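Please keep the sequence and the 3D view side by side while reading.

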Amino acid sequence: MNAIVEAFAFFLGFLGWLMVGVALPNRYWRVSTVDGNVITTSTIYENLWMSCATDSTGVHNCRDFPSLLALNGYIQASRALMIAAIVFGTFGLTATLVGMQCSKIGGENYILKGRIAAIGGVFFLLQGICTMIAISWYAANITQEFFDQFYAGTKYEIGEGLYIGWSSAILAICGGSCLICAWGLMHTLLTVTRILHSRPYRYQQSSRGHVLSTQATSQSVPSNYGRNAYV
């Protein structure tokens with residue numbers, strides 16, 4: 001596997017994992033909209049863990065959600081998916097760091113190290129998929145409530161935390177795809193090289209065996225002429 005591709009994929013995966021850690025505690029996952037409101041006295045913004053409000057004077061108060069079971073199902077699922085994304089990203093960083101060619105960890109068996117790096121790519125893909133599902137699911141509920149004319153509650157808009165989450169998911173998916181594709185290309189090249197090197201060897205063996213058998217046959221055939229025939 002190309003060392004430059006590995007380093008680039010590791011950088012993308014690390015950046016995606018870092019941005020997941022930034023997006024998860026970000027308070028601005030959704031922000032109350034000012035659409036249709038002539039006078040706005042306060043702004044409400046929420047994330048997966050708490051709800052905050054800021055008045056016109058700049059004073060803000062935050063409160064954690066009191067009960068986990070009282071939350072909507074998509075919030076609970078988004079929490080689990082985001083935590084799983086951080087765990088998958090940690091495994092992906094560890095496996096990629098071990099499997100990189102420029103790393104001395106794991107010896108110099110580059111075939112084994114390439115497989116370990118590919119496993120790290122799979123973890124990066126899982127991280128990106130979990131993040132993408134959690135962010136998109138949360139955003140879908142925001143847009144559904146916003147465009148529902150019969151919804152009587154507070155309507156929200158998409159906050160900056162969701163955009164950070166989407167960016168981290170794209171980076172993680174790109175990093176994992178680079179590692180997996182690079183390993184697949186390396187495996188294909190190794191297979192083709194083995195086939196090309198094995199064919200001439202077998203041909204020489206068969207040709208040599210044919211020559212030896214021909215010589216043995218010529219030596220074993222009795223001559224019909226005696227010594228006096230050449231005098």
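## A loop residue and its surroundings

N47 touches L24, P25, N26, R27, W29, F65 and Y138, leaving aside residues up to four places away in sequence. Contact here means heavy atoms within 4.5 Å. The model is predicted: local features need pLDDT of at least 70, side-chain atom pairs count only at pLDDT 80 or more, and totals for chains, interfaces and linings use all residues. Residues are numbered from 1 along each chain as its sequence is written, and side-chain values use heavy atoms, with hydrogens and water left out.

N47 sits in the loop between strand 2 and strand 3. Helices (H or I, at least four residues) and strands (E, at least two) are DSSP runs, numbered from the N terminus. Is N47 buried or exposed? N47 is buried, because its relative accessible area is 1%. Buried means under 20% relative accessible area, exposed means over 50%, and partly exposed lies in between (1.4 Å probe, protein chains only).

The side chain of N47 also makes polar contacts with the backbone. A polar contact is a pair of N or O atoms within 3.5 Å; within protein, one must be able to donate a hydrogen and the other to accept it, and residues adjacent in sequence count only if both atoms are side-chain atoms. The N47 side chain reaches the backbone nitrogen of W49 at 2.9 Å. A polar atom of that side chain also lies 2.8 Å from the backbone nitrogen of M50.

## The strands around the loop

Strand 2 (residues 42-46) and strand 3 (residues 50-55) form a hairpin with three residues between them. Strand 3 and strand 4 (residues 60-64) form a hairpin with four residues between them. Strand 1 (residues 30-32) pairs with strand 2. Two strands pair if DSSP finds at least two bridges between them. The table lists the pairings.

| Strands | Sense | Bridges | One of the facing pairs |
|---|---|---|---|
| Strand 1 and strand 2 | antiparallel | two | V31 and Y45 |
| Strand 2 and strand 3 | antiparallel | five | Y45 and C52 |
| Strand 3 and strand 4 | antiparallel | five | A53 and N61 |

The neighbouring entry is E46, whose bridge partner in strand 3 is S51.

## Helix 1

Helix 1 (residues 3-23) has 21 residues. From first C-alpha to last, helix 1 reaches 30 Å, close to the 30 Å expected at 1.5 Å a residue. The expected span is 1.5 Å times one less than the number of residues. In helix 1, E6, A9, L12, G13, G16, V20 and A23 are buried. They cover an arc of only 130 degrees around the axis, so they lie on the same side of helix 1. The arc is that of the directions from the helix axis to the C-beta atoms.

T96 belongs to helix 2 (residues 73-99). T96 is buried, because its relative accessible area is 0%. A polar atom of the T96 side chain lies 2.7 Å from the backbone oxygen of G92. Not counting residues up to four places away in sequence, T96 touches F10, A117, G120, G121, F124 and L179.

S177 is in helix 4 (residues 160-220). S177 is partly exposed, with a relative accessible area of 28%. Its side chain has a polar atom 2.8 Å from the backbone oxygen of I173. F124 and S177 are 53 residues apart in sequence, yet 8.4 Å apart in space, C-alpha to C-alpha.

## Core and overall fold

The largest nonpolar core has 19 residues, of which W29, L48, I75, M82, Y138 and L162 touch the most other members. Helix 2 and helix 3 (110-146) are the elements that give two or more residues to this core. Helix 3 gives the most, with six residues. A nonpolar core is a set of buried Ala, Val, Leu, Ile, Met, Phe, Trp, Tyr and Cys residues joined through side-chain atoms within 4.5 Å.

The protein chain has four helices and five strands. Along the sequence, the pattern is α-β-β-β-β-α-α-β-α. Buried residues make up 31% of the 231 residues. Among contacts between residues at least 6 apart in sequence, 65% join residues at least 24 apart.
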